[in-house]
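Hi,

Here's the structure I promised to pass on. Have a look at it first, and then read my notes below.

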Amino acid sequence: MHVNKVHAVFTIARVAKDLGEDEDWLWDVANGMDTEDGVIWVYGIGDDQVMAFTDFGIENLMELIRMHKEDPELLKRWIL
């Protein structure tokens, strides 16, 4: 998917709700994603900012969720 073809993004809160996942856990899983993976940061007034995903980003995130559920130790390796 080309970034310039993105017509909508979904906040991490929306994605967590839609996928039935905990938002904080999802943030930890998605934290290593880059723009090329379909994640962007949306900035508001002051320090207000939120992680958001393109459709492509949600697909990538779902794969990361699967990987982390299969091996819960993955997050511990990244945090150390």
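Arg66 and Glu70 sit four residues apart in helix α3, so about one helical turn separates them. Their side chains meet in a salt bridge, with 2.7 Å from N to O. Arg66 is partly exposed, at 37% relative accessible area, while Glu70 counts as exposed at 59%. Salt bridges that share partners also bring in Glu63, so that Glu63, Arg66 and Glu70 belong to one network. Keep in mind that this is a predicted model.

Another one joins Arg14 to Asp18, with the closest N and O atoms 2.9 Å apart. This pair is also four residues apart, this time in helix α1, so again about one helical turn lies between them. Arg14 is partly exposed, at 45% relative accessibility.

Is Glu21 buried or exposed? It's buried, because its relative accessible area is 17% and the cut-off for buried is under 20%. Leaving aside residues up to four places away in sequence, Glu21 touches Ala16, Leu26, Ile65 and Lys69.

Now zoom out to the whole chain. There are four helices and three strands, and from the N terminus they run β-α-α-β-β-α-α. Of the 80 residues, 26% are buried. The largest nonpolar core has 14 residues, and the ones touching the most other members are Val15, Leu26, Ala30, Met33, Met51, Phe53 and Leu61. At least two residues of this core come from each of α1 (12-19), α2 (23-30), β3 (49-53) and α3 (55-70).

Not counting residues up to four places away in sequence, its contacts include Phe10, Ala30, Val39, Trp27 and Trp41. Trp41 belongs to strand β2 (residues 39-43) and is partly exposed, at 36% relative accessible area.

Cheers

Definitions and conventions. Residues are numbered from 1 along each chain as its sequence is written. This is a predicted model: local features need pLDDT of at least 70, side-chain atom pairs count only at pLDDT 80 or more; totals for chains, interfaces and linings use all residues. Side-chain values use heavy atoms; hydrogens and water are left out. Buried means under 20% relative accessible area, exposed over 50%, partly exposed in between (1.4 Å probe, protein chains only). A nonpolar core is a set of buried Ala, Val, Leu, Ile, Met, Phe, Trp, Tyr and Cys residues joined through side-chain atoms within 4.5 Å. Contact means heavy atoms within 4.5 Å. A salt bridge is a side-chain nitrogen of Lys or Arg within 4 Å of a carboxyl oxygen of Asp or Glu.
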